[in-house]
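This briefing is meant to be read alongside the sequence and the structure shown below. The points are grouped by topic, so that each can be followed on the display.

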Amino acid sequence: MPLELIVISLMRTSKWINVLMVNSPEDDVTKPRRIDVTSNGIRWIEQDFEQFTPLGKFFEINTNPEEGLSVDTETDSETAMKISLLNINDEALERQTVNVEIVGVHLQLTEFMACGLQCSNCYKDLVDIRRFKCIKPLPIYTLKPRKYFCSSDKNPTAPSEGDLYYALNYIVISPKILDKSIVRNGEHLHCSRCLQLVGESLDEESAAQLYVDTLWVSSRREDKVAPPEGRLEHLFDQLPVSQLMLHLLHDAVPISEEKTRLFLKAVRSDGQLHYMLLLVDTSQLHLLRSKLSLSEHLHEKSVHREDDGSSGESEEGEEREADSKGSDEVEPESKRQRLSDVRPVHEVKVKGFRGCRVSYHIFFSDEQLAANDELIEQWQLEGTPMLRISYAMMMDLYRELKINETLVAKMERSVPDVKEGLTSYIIYHN
């Protein structure tokens, strides 16, 4: 039952690594195996082969049996260990790690396209059909456009009637082009027909922030260049979860040197409110992970060796050498025994990924919201602003967290804490 997958997690401020080794039992038969942890790597040893994961260029492993290793879980299909480190080679770890940089959102709407904006719930016209003269992304990454339009260190920036700024799940336009079908309730902007919350006023009504997931794009048939009618959010290129998290972290609120918070809100198409509370570790998570199916790779290597013509030539050479020695010369038994004991060693290469460790709560229904009202109110009283994202974004984020929950539970052997929430990883991929 060869090793299928090895995953190693490391918090950069820690001198321990969590190791998860996964294997698939063959035909429900458990073969004897041994795991050796050396100063430069981990060996998975079975009767007829060996798999070696070299780690010496990343870490100096503590091989003291009393201090350096604890095997917390061992079953027929997986082994979880915690290994102490004497030293971490940060430079080597960085070189072997996938670098994921934040990228901006992209809107498939140009200055040549004529379009209007309607309420996505009742299709009431909010902005008459027009061509925007300047369509551009917000110059900073944030879900709080007040940071740009109402910044205290410069004169307020007000969009002109021909400007459209866009960012993650919102656009910013001049309030002068909004139709009278908008109802203002303080800073909140509502559709006058169905009262759906569609946005907010910024800086004493010098700018209007409209939520992308509440808007419908309309067009005229006679316009030769126009975007397709439909939800405005569909004109934005979908962001992978890695990019979504990198964007969100720009608005995370520090609560200590170790933790930051994100309070996310989404509204389903039927009006159901969803909240997600994220407690994010500030210490960077590093993962080293092998290929997803090591046993297939192992099998391919075995096939290549069998098909390799050089092995046949070698055998023929050995036969010729044996013939030249004469029939009465026999190879010593000790040498034959040593040759039979040699196991092929297969190197398991790992690749590095960055990420973040997250504890989270998610509430899907009015009953869950009511049951957790004290927690929600506490986060608000402690100054955690609510950030609105689309329902699709929240579900993408939730799916990723749910998938990685099992990985975290196996690697960290953690018991869920009702107060802290569920624990998971967001792993950054390109």
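## Briefing on the predicted model

I177 counts as buried, because its relative accessibility of 10% falls under the 20% cut-off. The model in which this residue is seen is a predicted one. It comprises 9 helices and 27 strands, and 45% of the 430 residues of the protein count as buried.

**The protein as a whole**

- Among contacts between residues at least 6 apart in sequence, 68% join residues that are at least 24 apart.
- The accessible surface of the protein comes to about 23000 Å², and carbon and sulfur atoms account for 48% of that area.

**I177 and its surroundings**

- I177 is placed in the loop that runs between strand 13 and strand 14 (182-185).
- Leaving aside neighbours within four places in sequence, I177 is in contact with L126, V127, R130, F132 and E161.
- Although I177 and D128 are 49 residues apart in sequence, their C-alpha atoms are 7.7 Å apart in space.

- Strand 17 (residues 207-211) is largely enclosed by the rest of the structure, because 5 of its 5 residues are buried.
- Both faces of strand 17 are covered, with A207, Q209 and Y211 buried on one side and A208 and L210 buried on the other.
- Strand 13 (residues 170-173) pairs with strand 17 in the antiparallel sense over 4 bridges, and within this pairing I171 stands opposite L210.
- Strand 16 (residues 197-202) also runs antiparallel to strand 17 and is joined to it by 4 bridges, with S201 having A208 as its bridge partner.
- The hairpin formed by strand 16 and strand 17 has 4 residues between the strands, and D203 takes a positive phi near 50° there.

**Nonpolar cores**

- In soluble globular proteins, nonpolar side chains tend to be buried together.
- The largest nonpolar core in this model has 73 residues, and those with the most contacts inside it are I171, I173, L232, M245, L264, L278 and L397.
- Helix 9 (residues 391-412) gives the most to this core, contributing 8 residues.
- I173 touches V127, F132, P159, D163, L164, L178, A207, A208 and L210, when residues up to four places away in sequence are not counted.

**Helix 3**

- Helix 3 (residues 241-248) is largely enclosed by the rest of the structure, because 8 of its 8 residues are buried.
- These buried residues are V241, S242, Q243, L244, M245, L246, H247 and L248, and M245 is also listed among the residues with the most contacts inside the largest nonpolar core.
- The cover over the buried residues of helix 3 includes strand 21 (259-267), strand 22 (273-281), strand 25 (351-363), helix 9 and strand 27 (422-427).

- Strands of a sheet pair through backbone hydrogen bonds, either parallel or antiparallel.
- Strand 5 and strand 24 pair in the parallel sense over 3 bridges, and the bridge partner of Q51 in strand 24 is H346.
- Q51 is found in strand 5 (residues 50-54) and is buried, with a relative accessible area of 3%.
- The side chain of Q51 reaches the backbone nitrogen of L3 at 2.9 Å.

**The sheet that contains strand 10**

- Another open sheet of 4 strands has the order 10-9-18-19, with antiparallel pairing.
- The edge strands here are strand 10 (125-130) and strand 19 (230-231), and each of them pairs on one side only.
- Strand 9 (residues 115-119) and strand 10 pair in the antiparallel sense over 3 bridges, and in strand 10 the bridge partner of C115 is R130.
- R130 is also one of the residues with which I177 is in contact.

Terms used: Residues numbered from 1 in each chain as written. Predicted model: local features only at pLDDT ≥ 70, side-chain atom pairs only at ≥ 80, totals over all residues. Heavy atoms only, no water. Helix = DSSP H or I, 4+ residues; strand = E, 2+ residues; numbered from the N terminus. Buried < 20%, exposed > 50% of the residue type's maximum accessible area, 1.4 Å probe, protein only. Contact = heavy atoms within 4.5 Å. Areas by Shrake-Rupley, 256 points an atom, 1.4 Å probe, with all protein chains shown as cover. Pairing = 2+ DSSP bridges. Polar contact = N/O pair within 3.5 Å; in protein donor to acceptor, adjacent residues only side chain to side chain. Core = buried A, V, L, I, M, F, W, Y, C linked by side-chain atoms within 4.5 Å.
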